[in-house]
Amino acid sequence: MATPAANAAPSVSPSLSLPPSQFARLQPHAYLLAHLSPPPASNQPSIRANGRAPSQFRVTSANAGSLTHTNGSAVVRIGDTTAVCGVRAEILHTDDIASWSVSSSSTSNSNKRRRLGEKTTDEDEGQDENEEDRAHIEDLNLLVPNLSLSTGCAPGFTPGAPPSALAQSLSHQILSLLHSTRLIRADDLRIWYQPPNLGSEALERHNESQQMEIDAGQGSEESDPQEIKAFWVLYIDVMIISLAGNPFDAAWAAVLAALRDTKLPKAWWDIDNETIICSDDISEASRLSLRGLPVASSFCVFEADAAAGWRAVVIPDVNDQKAQNQRKKGPQQKWILADPDGYEEGLSQERATLVVDKAKNGKNVILKMEKHGGWSVDTEDLRQLVEISGQRWDEMKRILDQC
Amino acid sequence: MMADRRRVNGPSGGTRPAVFASLAESGTGVSERAQRQRQPSELRKIFLKTGLIPTASGSSYLEFEPSASLAAARINPKSLIPPSSALKLACTVHGPKPLPRSAAFSPNLVLTTHVKYAPFAARKRRGHIRDASERDLGVHLETALRGAIIAERWPKSGLDITITILEAEDDRWWADAPDSHDASWGMMNVLAGCITAASAAIADAHIDCLDLVAGGVAALVSDEEKQSSAAPKLMLDADPAEHRSIVSACVVAYMPARDEITELWLKGDSSKASLENGDKRSVHEALLDGAVDAARGAHTVLAEAVRESLLKTVG
């Protein structure tokens, strides 16, 4: 609270007898506007009420693996927004999948092929693998993210009530992002079973057919048909402990950090008990091999006069598209604020969320782009936002690598 | 059961928790029960910090020191099964705020308490909807706090206290089979933590109280193979994972300045048990005294945390 007070003093105090914190509450829009567009005479830089530059994110910290009863966990703090994520893995037996018998026969062959292929060319993933990952992870609901806001994180959410619209929307956004980024490999979630040898003749015959299908050079231990006996289901629960704006970035970062921390025990099909048995030995457990590192960055747009654009449409005498554009492009009518806090979120309609990853050559890869609530962000602005998100990616990678 | 359409549901067929080989083939001696390293009257260290959640009027975060075995397992992990667990919870206070228009007139502050376990808080995955034990904890917590808050200073107002438990205490050692004198002992430690944390959060919200109310637990434990062979021992702040069986346990919410107990919860059959030689007190009295001693210990931490939060707001 000290920073806005210090910043506000020179710009607004002469005309007001109210302290800046009161003014911020009574006239939030004018307060933020005064910070972002200081009078030219004052020679001050345009700065947000919270003391950040428009494209500056809040201080972020992450800590992984502190919760005992999880396979992977993380706490991420972005400013005053705190998200705790715990990943719990449970087992889904194929016997419990109603539609399994139909699909298993068709997939077991190609599964096999892909498993072998992966060993030779790890980077070059085929189309059929994508299709299969999608089929298993999405159709069988192997990823179960849920976000809870009923933790007393902000005054508006009643604890004990069913999830609010915001919580439902955030859970769904996390789910769809997990699916669309293909972050988790279905192969990490499969539990295989290799039936014992059925005698040399059957084995030989099988070897031949297998050799024709795949390129040679694989060991004979791969020759038996393996079958999937079960899947790991990852319950990804995010508790927003403290909400001060921009919950999605914090929640996603927590999910990402927790998944990077997740260890799945070695599991096998126990034929005697007809169940899956796991080893609790930590040296046998394996981490998930995630695809890339998608980092989310959210922005909100603060407009000096939010009604200006609408007025131009509603009032018919401003037909000239160019004149309207000219007005929109006028000097500093809008500010795109990175990582908005709760105060700024309340003052803006238009939001943009970008999820970017970086390819090996350092180029930004856009995995998701979402923009809604207004029309003042144009292509040029979005291009700039991708750049900012790319810088944010570097920062987040450093933070996540440290935790 | 109807699927909850407001949440992301897992596979419709349901999933099963992992079964570990070391548990299935018992007697391999892979792991041993954690031993209590503390003196009988020594409490675990408590980490308590207030004001971590700026959007709430008051907040606190409480964490128990991990037991020696858990700390060792963290530093040098061998098994995926944690030997014990340490309480971690966050508490927020919202209010005092006006009651909704529809609410009946109340001359006092209306206290609402919610205690919720995170789905990943315990060994067994918890549901998203509060179950009976969570509601029970909420009621116990409300009783404990109601006696401490000076409620008549806020007529027509409400105070919401929400506790999220990120990691709960175990009810027993993980490899022990649940048996007849087995109850949810972990809940009692959780309640004591909830009381202490809520008290700090209320002080952080500047709500007038008679005194800082602190929670304490004492338990009669027997580590012997046979039940009747030896008298059970009185342990303060007993971690159920460290003992073979708990005969009886007691939680109090205690205000040292007034020497007053606002909440008392005694569980287990202690009528047959007798204390070690020389102790003339009845078992109930001994348990109660032990719990009060534990609460006094927690109170020193609580007072320190509140002093810190006060210095932060003043300075």
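Modeller: A quick word on the angle before we start: each axis is a line fitted to C-alpha atoms over the stretch in contact, and the angle is taken between N-to-C directions, from 0 to 180 degrees. Keep in mind too that this is a predicted model.

The part I'd pick is in chain B, where helix 4 (residues 186-204) and helix 5 (residues 283-314) pack with their axes 10 Å apart, at an angle of about 25°. Angles under 35 degrees count as roughly parallel, so helix 4 of chain B gets that label relative to helix 5 of chain B. As for handedness, the crossing of helix 4 of chain B past helix 5 of chain B is right-handed. If you want to click on the residues, helix 4 of chain B brings B:T196, B:S199, B:A200, B:A203 and B:D204 to the contact, and helix 5 of chain B answers with B:A298, B:L302, B:A305, B:V306 and B:S309. Sorted by class, that contact of helix 4 with helix 5 of chain B comes to six nonpolar residues, three polar and one charged.

Now put a pair from chain A next to it. Helix 6 (residues 165-180) and helix 9 (residues 247-261) of chain A have axes 11 Å apart and pack at an angle of about 45°. Helix 6 and helix 9 of chain A are therefore oblique to each other. Here, too, you get a right-handed crossing as helix 6 of chain A passes helix 9 of chain A. On the helix 6 side of chain A, the contact uses A:L170, A:Q173, A:I174 and A:L177, while helix 9 of chain A supplies A:P247, A:F248, A:A251, A:W252 and A:V255. That contact between helix 6 and helix 9 of chain A has eight nonpolar residues, one polar and no charged.

Zooming out in chain A, there are 13 helices and 14 strands. Among its 403 residues, 39% count as buried. Of the chain A contacts with a separation of 6 or more, 71% are between residues 24 or more positions apart.

Chain A also has an open, antiparallel sheet of four strands, in the order 12-11-13-14. Strand 12 (334-338) and strand 14 (364-372) of chain A are at the edges with a single partner strand each, so each has one side without a neighbour in the sheet. From one strand to the next, the twist averages 20°. Inside that order, strand 11 (residues 295-303) and strand 13 (residues 350-358) of chain A run antiparallel and are joined by seven bridges. One pair to look up is A:V301, whose bridge partner in strand 13 of chain A is A:E350.

Finally, the two chains meet: 49 residues of chain B are in contact with 51 residues of chain A. On the chain B side, strand 1 (16-17), helix 1 (21-24), strand 4 (88-98), strand 5 (110-117) and strand 6 (157-167) each give two or more residues. Strand 6 of chain B gives the largest share of that side, five residues. By class, the side of chain B that touches chain A splits into 24 nonpolar, 15 polar and ten charged residues.

Definitions and conventions
Residues are numbered from 1 along each chain as its sequence is written. Chains are lettered from A and ligands numbered from 1 in the order in which they are written. This is a predicted model: local features need pLDDT of at least 70, side-chain atom pairs count only at pLDDT 80 or more; totals for chains, interfaces and linings use all residues. Two residues are in contact if their C-beta atoms, placed from the backbone, lie within 7 Å. Ala, Val, Leu, Ile, Met, Phe, Trp, Tyr, Cys and Pro count as nonpolar, Asp, Glu, Lys and Arg as charged, and the others, Gly among them, as polar. Angles under 35 degrees count as roughly parallel, over 145 as roughly antiparallel, 65 to 115 as roughly perpendicular and the rest as oblique. A crossing is left-handed if the near helix is turned anticlockwise from the far one by less than a right angle, and right-handed if clockwise. Two strands pair if DSSP finds at least two bridges between them. A residue is buried if 20 or more other C-beta atoms lie within 10 Å of its own, exposed if 12 or fewer, and partly exposed in between; C-beta atoms are placed from the backbone.
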